[in-house]
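Subject: The structure we talked about

Hi,

Here is the structure I promised to pass on to you. Please have a look at it when you get a moment, and then read on for my notes.

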Amino acid sequence: MWWKVEGAPAGLDRHIGSAVGVLPGGVEATGQFPVAGVVAVRARCNCGWRAVVDCPALPDGQVRAEEIWRTDHMLPLCALGEEPASERIGRELLGQFGDFLHNLPFAEVTPLEGLRAAARVSQVAGQAIHELLAVALRQGLPLQQVADALGIDPEVVHESTGYPRHHEQG
Ligand SMILES: [Zn+2]
C-alpha cells in the first residue's frame, strides 16, 4: 500500500510513503509489508526519510505508520509551500540509485560483480561528500550542522574527514 498527499505543492506530490516491516534487531525487511517474522512497522518515504519511532506490528500498525508519515514528514514539507531544493535533489538522487539497484540483473551476475557495481556507487558518493565538505568549509558552516546533514556524530565527522571543530576567526 502506497501513500500520497493529494493536491500537494509541486514536487511534494512525488513523495510516496509506505510501510516497511522491521525484523528483530531493527533491520528493515525487504519487500512490502506484511512480511513474515517482522516485529514492528516503520513509516518510510521514497525520498529516503524514515520515521524515528516504529509502530507495533498490530493490525492497525500500517494505519499508524501512515499517520506518522503524514504528520512528521509531509506536513512540515507542505507547510513550506514548495519542495526545498535540498529535498528534491536528495529524492532524485535516491530515485536514480533505486533504479540502478532495481535494474542490476542480480539473478545473472555473481555477487562479486554486484559488489563491484555497489563499490563504484559508494566511491561516487564518497567523492561528492568530499567535495561538498570543502564547500561547507569555505562557507564556514559549523561542524554540528555538517554532521546533522550527514546524519553522523560530529566527533566521527571530525575524526574521519578532518572537518575542524571550530573555524578560525577573521
Ligand atoms: Zn519524502
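This is a predicted model: local features need pLDDT of at least 70, side-chain atom pairs count only at pLDDT 80 or more; totals for chains, interfaces and linings use all residues.

**Overall layout**

The protein has 170 residues, and 27% of them count as buried. Its C-alpha trace spans about 60 × 45 × 30 Å along the principal axes. There are four strands and five helices, and their order along the sequence is β-β-β-β-α-α-α-α-α. The chain is divided into domain 1, covering 2-79, and domain 2, covering 104-161. Between the C-alpha centres of these two domains the distance is 25 Å.

For comparison, the ideal angle for four tetrahedral donors is 109.5 degrees.

His15 and Cys45 link distant parts of the chain, being 30 residues apart. His15 belongs to the loop between β1 (2-3) and β2 (17-22), whereas Cys45 is in strand β3 (residues 40-45). Both are buried: His15 has a relative accessible area of 0%, and Cys45 has one of 4%.

**Salt bridges**

The structure holds eight salt bridges, and I picked out three of them for you.

Arg42 and Asp54 meet through their side chains, with 2.7 Å from N to O. Arg42 lies in strand β3 and Asp54 in the loop between β3 and β4 (55-56), so this pair ties together parts that are twelve residues apart in sequence. Arg42 is buried at 13% relative accessible area, while Asp54 is partly exposed at 29%. These two also take part in a network of salt bridges that links Glu28, Arg42, Arg50 and Asp54.

The next one sits within a helix. Arg88 forms a salt bridge with Glu92, and their closest N and O atoms are 3.6 Å apart. Both residues are in helix α2 (residues 85-103); because they are four residues apart there, about one helical turn separates them. Arg88 is partly exposed, with 36% relative accessibility, and Glu92 is partly exposed as well, with 34%.

The last one involves helix α5. Glu155 pairs with Arg165, the closest N and O atoms being 2.5 Å apart. Glu155 is partly exposed at 33% relative accessibility, and so is Arg165 at 43%.

**A nonpolar patch**

Ile129, Leu150, Ile152 and Val156 make a nonpolar surface patch of about 290 Å². Of these residues, Val156 is found in helix α5 (residues 154-161), and it is partly exposed with a relative accessible area of 44%.

Best wishes

Key. Residues are numbered from 1 along each chain as its sequence is written. Side-chain values use heavy atoms; hydrogens and water are left out. Patches are made of residues with over 30% relative accessible area and no salt bridge: like charges are joined within 9 Å, nonpolar side chains (Val, Leu, Ile, Met, Phe, Trp, Tyr) within 5 Å. Accessible areas come from the Shrake-Rupley method with a 1.4 Å probe; for residues, only the protein chains shown count as cover. A salt bridge is a side-chain nitrogen of Lys or Arg within 4 Å of a carboxyl oxygen of Asp or Glu. Helices (H or I, at least four residues) and strands (E, at least two) are DSSP runs, numbered from the N terminus. Buried means under 20% relative accessible area, exposed over 50%, partly exposed in between (1.4 Å probe, protein chains only). Domain bounds come from an automatic or database domain assignment.
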